[in-house]
Amino acid sequence: MSDQQPYELPDEVSGLDRPDVDVPDADAGAESDTSSILEDDDQSVVPPALSNRGSRGGFGRRLLGLIATVLGLAGCLLSLAVAVVMLRFGLAAGDAADGLIEPISSSVDQLETRVDQTDDLVGRSGVDAGDLDLLSARADGLADLSDGVQRSFSAISDHPIYRWLPVELDSLQSVLGDIEESSSSIASAARSGADNGRIPANDANRISEEVNQLQAGFGNVRGVVEEAKDSLTSWIRLATLAGVALALWSLWAQSWLLRRGWRAILGHAP
């Protein structure tokens, strides 16, 4: 058995053509697999659907970042401008208070002069017949001046800004109200005397008493005016300090918005 030769197929059989069989190519398979995935910007491989979604999300994030940046920049500029204006207004609080109180102070000086002129026409024996018209004119001027003082006071108490400040104006209002009442009483008695051609002794005495009370009270009136000015100055300064603090807080908040928006534009994480 060891002498037996191995059996060989005939050439006809060995030369038969084998049917062609498609064998998958490794390289082709690799290409087909890579066609279903994409590489992201950071070289990480992600599916195409997620890649498209990320592109749309990135554009929206950058658009919102641009809007936030514009709003933050505008807010920073506005907050800075408000802080500067409030600071300057606070430094000029004394001038602002002087501007508001000056019409009252000037009217008080004019009132004192007019009261002295009225007092010159009223004597112990009454008022001369020839001075009745002049007394009536001066008394009317006195009443007009007192009305002007009240209007100047209303400009402060009814001001759209200063009326919200807890300024101490009650004393000033009370004093000015007394002046207006006395001035109206003097003017009424003087007009009545001018119409009748004489002023009765009782009316003359009443006019004299009213005039004397006004003369004696002008020192107190000036003191009350100064107190109102000091109170107004203090509260203006406190209000401006609060405004500056609020403006600085707004500046910080707007700068934070600006920073977040800029990072979104650059594509960084918030």
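Angles over 145 degrees between the N-to-C directions of two helix axes count as roughly antiparallel, and in this predicted model helix α4 (residues 93–121) and helix α5 (residues 132–157) cross at roughly 165°, so α4 and α5 are roughly antiparallel to each other. Two packed helices are described by the angle between their axes and the distance between the axes. The points below take the helix pairs in turn and then move to a pocket that α6 and α7 line.

**Helices α4 and α5**
- The axes of α4 and α5 come within 9 Å of each other, and the crossing that these two helices make is left-handed.
- Where α4 meets α5, the residues of the contact divide into 16 nonpolar, 7 polar and 2 charged.

**Helices α5 and α6**
- The axes of α5 and α6 come within 8 Å and cross at roughly 155°, which makes α5 roughly antiparallel to α6.
- Helix α5 passes α6 in a left-handed crossing, and the residues of the contact between α5 and α6 comprise 14 nonpolar, 7 polar and 5 charged.

**Helices α6 and α7**
- Helix α6, which covers residues 170–196, packs against helix α7, which covers residues 201–266, at an angle of about 155° and with the two axes 9 Å apart; that angle makes α6 roughly antiparallel to α7.
- The crossing in which α6 passes α7 is left-handed.
- On the α6 side, the residues that meet α7 include Ser-171, Leu-172, Val-175, Ile-179, Ser-182 and Ile-186, while on the α7 side the residues that meet α6 include Arg-206, Ile-207, Glu-210, Leu-214, Asn-220 and Val-221.
- By residue class, the contact of α6 with α7 is made up of 13 nonpolar, 5 polar and 2 charged residues.

**The second largest pocket**
- Rolling a probe the size of a water molecule over the atoms shows where empty space is left.
- The second largest pocket has a volume of about 160 Å³, and the elements that give two or more residues to its lining are α6 and α7.
- The largest share of the lining of this second largest pocket, 6 residues, comes from α7.
- Among the residues that line the second largest pocket are Val-175, Asp-178, Ile-179 and Ser-182, together with Gln-213, Leu-214, Gly-217 and Phe-218.
- Val-175, Ile-179 and Ser-182, which belong to the contact of α6 with α7, also line the second largest pocket, and Leu-214, Asn-220 and Val-221 in α7 likewise take part in that contact and in the pocket lining.
- The residues of the lining of the second largest pocket divide into 5 nonpolar, 4 polar and 1 charged.

Technical notes
Residues numbered from 1 in each chain as written. Predicted model: local features only at pLDDT ≥ 70, side-chain atom pairs only at ≥ 80, totals over all residues. Heavy atoms only, no water. Axes fitted to C-alpha atoms, helices over the stretch in contact; angles between N-to-C directions. Helix = DSSP H or I, 4+ residues; strand = E, 2+ residues; numbered from the N terminus. Parallel < 35°, antiparallel > 145°, perpendicular 65-115°, else oblique. Left-handed = near helix turned anticlockwise from the far one by under 90°. Contact = heavy atoms within 4.5 Å. Nonpolar A, V, L, I, M, F, W, Y, C, P; charged D, E, K, R; others polar. 1 Å grid on protein atoms, 1.4 Å probe; cavity = no way out; pocket = protein on both sides within 12 Å on 5 of 7 lines; lining within 4 Å. Points joined across faces, edges and corners; volume = space filled by probe spheres on them.
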